[in-house]
Amino acid sequence: MPAKIHISADGQFCDKDGNEIQLRGVNLDPSVKIPAKPFLSTHAPIENDTFFEDADKVSFINHPLVLDDIEQHIIRLKSLGYNTIRLPFTWESLEHAGPGQYDFDYMDYIVEVLTRINSVQQGMYIYLDPHQDVWSRFSGGSGAPLWTLYCAGFQPANFLATDAAILHNYYIDPKTGREVGKDEESYPKMVWPTNYFKLACQTMFTLFFGGKQYAPKCTINGENIQDYLQGRFNDAIMTLCARIKEKAPELFESNCIIGLESMNEPNCGYIGETNLDVIPKERNLKLGKTPTAFQSFMLGEGIECTIDQYKRTFFGFSKGKPCTINPKGKKAWLSAEERDAIDAKYNWERNPEWKPDTCIWKLHGVWEIQNGKRPVLLKPNYFSQPDATVFINNHFVDYYTGIYNKFREFDQELFIIIQPPVMKPPPNLQNSKILDNRTICACHFYDGMTLMYKTWNKRIGIDTYGLVNKKYSNPAFAVVLGENNIRKCIRKQLSEMQKDTKSMLGKKVPVFFTEIGIPFDMDDKKAYITNDYSSQTAALDALGFALEGSNLSYTLWCYCSINSHIWGDNWNNEDFSIWSPDDKPLYHDTRARTPTPEPSPASTVASVSTSTSKSGSSQPPSFIKPDNQLDLDSPSCTLKSDLSGFRALDAIMRPFPIKIHGRFEFAEFNLCNKSYLLKLVGKTTPEQITVPTYIFIPRHHFTPSRLSIRSSSGHYTYNTDYQVLEWFHEPGHQFIEICAKSKSRPNTPGSDTSNDLPAECVIS
Ligand SMILES: CC(C)CCC[C@@H](C)[C@H]1CC[C@H]2[C@@H]3CC=C4C[C@@H](O[C@@H]5O[C@H](CO)[C@@H](O)[C@H](O)[C@H]5O)CC[C@]4(C)[C@H]3CC[C@]12C
C-alpha cells in the first residue's frame, strides 16, 4: 500500500517523517471528454440532429480505458517512475440524461478502473479532476451536459449559424470523414480555446459564477441559474465520490485516492469586461472569427454582422479580411415552442419574466433593438468591475466555498486541490476558513509559442506567464532569444507561478502542476514519417528542466491510449499524448537502427555497488516497476520493458528524487551529457546513517554497469530491479552527481572518475 502523503511546514509533499517526495505522472486520459457509445470524437461529423437529440443517451464507459487494458498502461507508466495519475472525468459522463439522473453504471465502471489501477504493483496515487474545456462538447470543448445549455435558454443546434461556438465536428466532411478545406483555413490549429470568447461559453461561465448578480431574471424552479448549475455540478461530483466510497472504501483507506481538484480551468466569462463593444486589448488569443461581445449578442439573435477575422502569422495574430455572418433566420436561443418542450422534459419552471427566443443579455437591458430594427448597446460596461481581482476573490471564492464545504463534509483528510483560472494566481485565502492544511494549489503551464505554432522555436520565445499577467509594459519585452534563454525563461515562469501562488495562499500550500505538456504534432507531423522527434524532445526537456529546478510535482497532459497519428487525442485536433499505439513500430525501427553500445571494459566501469531486491536491499518507497526478469545488459532489455510507443522518450524518462532524506535544494538533468545533479540539505537526525535518499536513475539513460557517481558524502547502492539509487549521506548541504559513462566520451569533462568516487563505493 502506498504511504500516506503529508505536507511539510514549507509546503512540500513528504512522508510522515518529513522526508520530501515528488509526485509525477500523467493525465489519464483525454478520451473522457468524448462518449464511447456511440463513439463521438470531435471528428464525428454532425450530419443530422441526432448529435443533439441523442445526447442524453450516450455512455462514457470505456473512457478513460478499456478495463482489460488497464494493467498494461499502468505498467508502462510505471516504467517512467511515475507514481501519480490525474483522473479527469466530465460532468456530462455522470449526468447526461438530465438533472439528477445519474449514470451509475459509468460511476461503477470508474470504481472498477480505480480498483484495477490500485491493484497493479502497489498502485498509483490518483486524484479526481472534474474536467471541462470551454464549458461543454456542445460549445466546442468538453465537460457539461447538453441540458445545461438548454437550461440557459440556448439552442445549441444553431451555434454554427450564429457563431456562438466553433465545433470541430462541423469541419468534417461526412463523405470522406476528413477535414474540409486546408487546416489553417477551416479549423485552424488551437482554435478551440477561442470559444472562451464566444457567446455560448462566455454566457455559461457568467451564469455559473455570476448569475445572481448579472442575470437575476434567470431562475429555474425558484433558484437563480447560478445556484442551480453550481448545485447540480457539485452534487454530481459528490455523488461520484460517495459511490466510490460505498463500493470500494479500500481505495481511500489504502491511499490510492488522494484527493479532488476543483473545476478544471474555470473561466470568468464576461465578468470584468469593461467595454462590450470592443475586443479587449489585453486579449492574447485572437484567431478565426472574432466578434466583440455585442456582435455575438446580435448574431445570437439572428442579426447579420460583419466581424473581424484573425490569422496566425509569424508575428502573432493579425487581422485579416472582415467577414460577414448571416445567421439566416436562426437564433442561438430556444424558441417558445422548443423551450416549452425542454422545460416539460426536465421539469423546469422558469421565472415568467424570462422570455423565450431572446438573448438573456437583452432581457437584462444590456442592449436592445430600437424601432424593431436598430440594435443598440445600452450598457457597454454591464460586467465591468472596479479591478481585475474581483472575479477571483468573490465569484470564484463563492463557488470554491461550495465544493470545499461539500468535500470536507465528505472527508477531512483527502487533499482538496484548488484550481484558479489558467495561468492566473489563486484568490487571497490566507486566514480564510476554506484554506486548510490538506489544501494544494493546481497550476497549469503551456508555452504559448509551442502551443500556438506547434513547433519548438529555438530562437524566439515568449514569457507566456508574464504576458498573460501583464507583467510587461510592452509585449515586446516578453520576448527572449536563444534556446538557453528560452529554457531559463520557462524555468523562471514556473518558479514565479509558484511564488505568486504562495503569496496568495501562504507558503504551507504545495504547488502542483496538474497539467503541463506539449503538442506532439509539431512541424506538420513530420516526426510521424521521419521518426525524428528532436523538436518534441527539446520542448519537453525544457519543461522537465523547468520543473525539476524547483522540485515541482506534476502530471503531464496527457496519456491517451487511443491516440493516432491522424486524429491525435481524438479531440479538437489535439495531439498531446506522450504515448501512441501508432508510435510502437517507430520505436522498434529506432532500436533496430541504433545498436546498443558494447559494455565498457572493466577498467572504466563505474565503481558503484549494484543490487537487486533478491540480494537483500530494501524495497524503494516507490511505485516503480520492478523488472527483475530483465537481463540488463542485453540489447533487447528495453524492448522487454516495453517502452515502445512513448514519444520523445529521452525527455520523458528522467531521473528524479523519489524521497529525500532532508530537504530539496536543486536538481538538473542534463540530457546531452546524460548527467544528473541533485543538491539537498540532509536531515540531522539520529537515524541519518540508515535512511537513504532514493533517486530514480532510469537505465534508459544510465546503464547500470556504467554509472559514475560523485557526491559530497556517504555511500550508495543501485537497485537495478527498481532503477533506484539509495544514497546514504550526511546531514547538511550535500550534492550528488550521477553520470552515464560512454565508451567514447569521459563523463565529466576534465574529471578523473576514480578520484570522484568515495571509498565506500565498490564494483559489484
Ligand atoms: C506569441 C504567442 C502567439 C503568444 C501566445 C499568447 C496566447 C495566445 C497564449 C498564452 C497562454 C495560452 C493559454 C494557456 C493555457 C491554455 C489552457 C489549455 O487547456 C488545457 O490544455 C490541454 C491542451 O490544450 C487541453 O486538452 C486540456 O483539456 C486543457 O485543460 C488550452 C489553451 C490555453 C487556453 C492557452 C491558449 C493560448 C494562450 C492564451
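Serine 708 has cysteine 739 in E30 as its bridge partner. The model is predicted: local features need pLDDT of at least 70, side-chain atom pairs count only at pLDDT 80 or more, and totals for chains, interfaces and linings use all residues. Residues are numbered from 1 along each chain as its sequence is written, and side-chain values use heavy atoms, with hydrogens and water left out.

**The sheet**

Strand E30 covers residues 732-740 and pairs with E27 in the antiparallel sense, over five bridges. Strands (E, at least two residues) and helices (H or I, at least four) are DSSP runs, numbered from the N terminus. Two strands count as paired if DSSP finds at least two bridges between them. The sheet is open and has four strands, in the order E24-E25-E30-E27, with antiparallel pairing. Strands E24 (662-670) and E27 (707-711) stand at the edges; each has a single partner strand, so one side of each lacks a neighbour in the sheet. On average, neighbouring strands of this sheet are turned by 15 degrees against each other, direction ignored. The axes are lines fitted to C-alpha atoms, and angles run from 0 to 180 degrees between N-to-C directions.

**The domain contact**

The domain assignment gives domain 1 (23-144 + 164-179 + 196-267 + 385-448 + 484-590) and domain 2 (655-742). Such bounds come from an automatic or database assignment. The C-alpha centres of the two domains lie 33 Å apart. Domain 1 puts 12 residues into the contact and domain 2 puts in 11 residues; contact means heavy atoms within 4.5 Å.

About 1000 Å² is buried between domain 1 and domain 2, with 55% of that area from carbon and sulfur atoms. Buried area is the accessible area (1.4 Å probe) that two parts lose on being put together, summed over both. In domain 1, Arg24, Glu548 and Asn551 lose the most area to domain 2, together 42% of what that side buries.

One salt bridge is counted between domain 1 and domain 2. Helix H19 (residues 534-549) gives the most to the side of domain 1 that touches domain 2, with five residues.

**Salt bridges**

The structure holds 44 salt bridges. Each is a side-chain nitrogen of Lys or Arg within 4 Å of a carboxyl oxygen of Asp or Glu. Two of them are tabulated.

| Salt bridge | N to O distance |
|---|---|
| glutamate 668 – arginine 491 | 3.6 Å |
| lysine 245 – aspartate 411 | 3.4 Å |

The pair of lysine 245 and aspartate 411 links distant parts of the chain, 166 residues apart. Lysine 245 is in helix H9 (residues 225-247), and aspartate 411 is in the loop between helix H14 (390-410) and strand E16 (415-418).
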